[in-house]
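This report describes selected features of a protein model, from helix packing to backbone geometry. Please consult the sequence and structure shown below while reading.

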Amino acid sequence: MPFRRGNDARRRWRLSAKLQIAASVATVLGFSAVCAGVMFDMRRGEEQLARQTLENFASGIEADISRNIELYDLSLRAVASNLEMPEIRNVSKELRQLILFDHAATAKHFGAIQVFDSKGDLTIDAASLDPRPENRSDEEYFTVQRDHPDTGLYISRPMLHRGAYAIVLSRRIVGEDGRFRGVVVGSIRFSYFHDMFGRLNLAPGDTITVLRNDRTIIMRTPFDLDVIGKNLAEQLDWKAENLKGGGAYSGKGPVDDTPRLYVRRSSSGPLYVVVGKPLEAVFNLWRTEAIRIGAIMAFLVLFVLSATLVLAREIVRRADAEDKLEELATTDALTGLKNRRKFDTEIEREWRRASRHGQPVALLMIDADHFKAYNDTYGHQAGDQVLVGIAICISDAVRRAGDCPARFGGEEFAVLLPSTTPFEAFNLAETIRAKVQQWCEGEVITTVSIGVASMRPNAGQQWSDLIEATDKALYAAKANGRNQSVLATAPKIALVA
């Protein structure tokens, strides 16, 4: 069955082309997914590395700030504690200064410690034995300590203190009876923060923000007086949940619109540090690598898909060429019907199918009457026209897809009719004969004789038996005067005109 194998081969060719395209697309999608996964992992890695770097950076800054505040607070505590000594009231001013401030922390960024009584009047100043009179009862650092006994160390908002911008640190002075006796006050000038931040190697766009626990900005670099002292709790478009202690946040911050990666240190002290780095800088190396890998992947994807489409097109072209070759090999060149070779293949296949399913197979054998005489009289070209006309009549009458009209040889035609009863086949034969007779009513006068047979295959029978029965019916039609159809029945051949 060479033609059956040819059909299967062509189907396999077309299927292989589709599978090749599908496999290439699946491969491209798979590699793209893997590549995308790797790129996202790289992005997360870059973010994690930047976060860890910023955490270490913030940790160092916060440790320095906490150490200095703690050192200064120890001095304030010592002053507040020494003021409660009974002997302090009876000593000279010089000795009192020595007792109170001898161990006080001193640095160029630390302001002189001052003591205010319960009314807010300045009583003692580390910078002078005879301080000028001043009253600070309306200052925040005084009122907080006076009105809230459990405040402890209080750090004020950034303010202008003694001629310089600073933060004021204060502690409550309590008498032996537990009553409020005043406030001891010190300050850390902004020059401390400027000096510390100036020693750091900051990239453009990096930010360092020092905040009080109530989210008041104490200091920020880049320095901006409009930002210093601003309380983020009053900013409605920024939520504290965005950046909790020990956490990180990516996006626009509360101060400007530059997207950054912000990291906050988890601190139990009065101040905490937030360090920010622009996301563009965080992912700059990753973005460069992603563009490079993406370009390579895009080139490979285009190459693979292009090569696949070219190969698939060549496969389809080969399948089409095989279709055309099969058509040429199985089609009669003159009439356009199937040729004898194709007919033999089809009748064998249909015979086996009918045998399996117990269905009948019918066959028509059609012969042009007096064709040899007509051909000799009018020539081969006219004879060919007659054969073409008969083929057209047959094709016009045979409509089912499974039927197989063929040129059997010379002026003889055959029509294979699967699952067709004898009388259905006979009616079709009469239709063909009538069409040929109607077509021949002009100058060309010819008719056809048709033999009809239908068999339900039994064990031991071959399809050649069907052809033999049809041939006998055709011979009977010719013997009875031509231009008629004769139905044969098997196994005993009875001829019905």
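## Basis of the description

Helices (H or I, at least four residues) and strands (E, at least two) are DSSP runs, numbered from the N terminus. The model is predicted, and local features need pLDDT of at least 70, side-chain atom pairs count only at pLDDT 80 or more, while totals for chains, interfaces and linings use all residues. Residues are numbered from 1 along each chain as its sequence is written, and side-chain values use heavy atoms, with hydrogens and water left out.

## Glutamine 461

Glutamine 461 is located in the loop between strand S15 (448-455) and H11. Its relative accessible area of 22% makes glutamine 461 partly exposed; the scale sets buried at under 20% relative accessible area, exposed at over 50% and partly exposed in between, with a 1.4 Å probe and protein chains only.

Neighbours within four places in sequence aside, glutamine 461 is in contact with Trp351, Met455 and Arg456, where contact means heavy atoms within 4.5 Å. Between the C-alpha atoms of glutamine 461 and aspartate 150, which are 311 residues apart along the chain, the separation is 116 Å.

## Packing of H7 and H11

Helix H7 (residues 340-357) packs against helix H11 (residues 463-479) at an angle of about 115 degrees, with the axes 9 Å apart. H7 is therefore roughly perpendicular to H11. Axes are lines fitted to C-alpha atoms, for helices over the stretch in contact, and angles run from 0 to 180 degrees between N-to-C directions. Angles under 35 degrees count as roughly parallel, over 145 as roughly antiparallel, 65 to 115 as roughly perpendicular and the rest as oblique.

From H7, Phe343, Asp344, Ile347, Glu348 and Trp351 meet Trp463, Leu466 and Ile467 of H11. The residues of this contact comprise six nonpolar, no polar and two charged. In this classification, Ala, Val, Leu, Ile, Met, Phe, Trp, Tyr, Cys and Pro count as nonpolar, Asp, Glu, Lys and Arg as charged, and the others, Gly among them, as polar.

## Packing around H9

Helix H8 (residues 371-378) and H9 have axes 6 Å apart and pack at an angle of about 140 degrees, so H8 is oblique to H9. On the H8 side the contact is formed by Phe371, Tyr374, Asn375 and Tyr378, and on the H9 side by His380, Ala382, Gly383, Val386 and Leu387.

The contact of H9 with H10 divides into nine nonpolar, three polar and two charged residues.

## Cysteines

A search of the whole structure finds zero disulfides, a disulfide being a pair of cysteine sulfur atoms within 2.5 Å. The sulfur of cysteine 404 has its closest cysteine sulfur in cysteine 393, 18 Å away and therefore too far for a bond. Cysteine 393 is buried, at 8% relative accessible area, and cysteine 404 is buried at 5%.

## Backbone geometry

The peptide bond from threonine 221 to proline 222 is cis, with omega near 5 degrees. Proline 222 belongs to the loop between strand S8 (217-221) and strand S9 (248-252).

Arginine 162, although not a glycine, has a positive phi of about 55 degrees. This arginine 162 lies in the loop between strand S4 (159-161) and strand S5 (164-174) and is partly exposed at 45% relative accessibility. Histidine 370 has a positive phi near 55 degrees and is a residue other than glycine. Histidine 370 sits in the loop between strand S12 (361-368) and H8 and is exposed, with a relative accessible area of 52%.
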